[in-house]
Amino acid sequence: MCTVGVYYAAKGSPEADRICSAIYAVRRIPIVYGAFLGGLFQFLNIPLGESLQQAIDLVANATVPTIMIVLGMQLAKISVKHLEREKISLSLVTKLAISPAIAYVFTLFLPVDEMVKQIMIIMAAMPTAANTTMYALQFNTEPEFVASATLLSTSLSLATLPVIFMIVLG
């Protein structure tokens with residue numbers, strides 16, 4: 001999400017002039033540097049101070065509520081009459097049906113435990129992530145479409161996920 005997702009969101013932006021601007025956008029995302037530093041600190045067994053850990057925990061705890069507020073603000077601006085039904089339908093079918101099918105095919109060839117295979121298929125069947133709305137807003141890449149796809153995929157997953165669970169775990 002923080003590399004490939006940002007790249008495509010930036011590349012689809014009306015302000016994007018070329019691939020270099022999309023790559024530059026990925027380089028500006030601080031979570032990539034944070035992940036690198038976290039891995040380095042873990043590898044070198046460098047402990048974090050108590051105050052730094054508290055600051056990180058505060059930001060981490062605020063992330064999901066912030067994303068939900070932004071998603072709600074975007075959903076408030078959506079008009080059902082102006083939804084691009086064909087585009088939304090393709091998005092939903094791809095995310096909720098084709099994606100788990102592709103994951104299933106991949107798991108046939110992967111030398112991993114059966115439970116890992118099941119988890120991979122179920123994860124592929126999950127609805128569109130809410131943080132995609134944040135990227136769509138940041139890069140002005142059809143935020144209304146992304147927010148509506150998130151809402152509809154989450155709603156429809158109430159019906160599709162039990163079916164996926166029955167197939168995968170049955």
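Reader: At what angle do helix H5 and helix H6 pack, and how far apart are their axes?

Author: This is a predicted model. In it, helix H5 (residues 85-109) packs against helix H6 (residues 114-124) at about 160 degrees, and their axes are 7 Å apart.

Reader: What makes H5 roughly antiparallel to H6?

Author: The angle is about 160 degrees. Angles over 145 degrees count as roughly antiparallel, so H5 is roughly antiparallel to H6. The crossing of the two helices is right-handed.

Reader: Which residues make the contact of H5 with H6, and how do they divide by class?

Author: H5 contributes Lys95, Ser99, Pro100, Ala103, Tyr104 and Thr107, and H6 contributes Lys117, Met120, Ile121, Met123 and Ala124. Seven of the residues in this contact are nonpolar, two are polar and two are charged.

Reader: Why are H7 and H8 called roughly antiparallel to each other?

Author: The axes of H7 and helix H8 (residues 143-169) cross at roughly 175 degrees and come within 8 Å. The cut-off is over 145 degrees, and H7 and H8 are therefore roughly antiparallel. Their contact is made by Thr132, Thr133, Ala136 and Leu137 of H7 with Pro143, Val146, Ala147 and Thr150 of H8. Five of these residues are nonpolar, three are polar and no residue is charged.

Reader: How do helix H4 and helix H7 pack, and what is the hand of their crossing?

Author: Helix H4 (residues 50-76) and helix H7 (residues 131-138) pack at an angle of about 65 degrees, with their axes 9 Å apart. The crossing of H4 and H7 is left-handed. Ile67, Val70, Leu71 and Gln74 of H4 meet Asn131, Thr133, Met134 and Leu137 of H7. By class, the contact of H4 with H7 has five nonpolar, three polar and no charged residues.

Reader: How do you know whether Thr133 is buried or exposed?

Author: Thr133 has a relative accessible area of 0%. Buried means under 20%, so Thr133 is buried. The residue lies in helix H7. Leaving out residues up to four places away in sequence, Thr133 touches Leu71, Gln74, Val146, Ala147 and Thr150.

Reader: Which residues make up the largest nonpolar core?

Author: The core has 10 residues: Val6, Tyr7, Ala9, Ala10, Ala22, Ala25, Val26, Ile29, Tyr135 and Phe139. Helix H1 (4-11) and helix H2 (19-27) each supply at least two of its residues. H1 gives the most, with four.

Reader: What makes this set a nonpolar core?

Author: Membership requires buried residues of the nonpolar kinds joined through side-chain atoms within 4.5 Å. In H1, Val6, Tyr7, Ala9 and Ala10 are buried, and each of these four is listed in the core. H2 and H7 are among the elements that cover the buried residues of H1. Ala25 is in contact with Val6, Ala10 and Phe139, leaving aside its neighbours within four places in sequence. A second, separate core of eight residues includes Ala103, Ala124, Leu161 and Ile164.

Reader: How many helices and strands does the chain have, and what share of its residues is buried?

Author: The chain has eight helices and zero strands. Of its 170 residues, 26% are buried. Along its principal axes the C-alpha trace spans about 50 × 45 × 30 Å.

Key: Residues are numbered from 1 along each chain as its sequence is written. This is a predicted model: local features need pLDDT of at least 70, side-chain atom pairs count only at pLDDT 80 or more; totals for chains, interfaces and linings use all residues. Side-chain values use heavy atoms; hydrogens and water are left out. Buried means under 20% relative accessible area, exposed over 50%, partly exposed in between (1.4 Å probe, protein chains only). Contact means heavy atoms within 4.5 Å. Axes are lines fitted to C-alpha atoms, for helices over the stretch in contact, and angles run from 0 to 180 degrees between N-to-C directions. A crossing is left-handed if the near helix is turned anticlockwise from the far one by less than a right angle, and right-handed if clockwise. Ala, Val, Leu, Ile, Met, Phe, Trp, Tyr, Cys and Pro count as nonpolar, Asp, Glu, Lys and Arg as charged, and the others, Gly among them, as polar. Angles under 35 degrees count as roughly parallel, over 145 as roughly antiparallel, 65 to 115 as roughly perpendicular and the rest as oblique.
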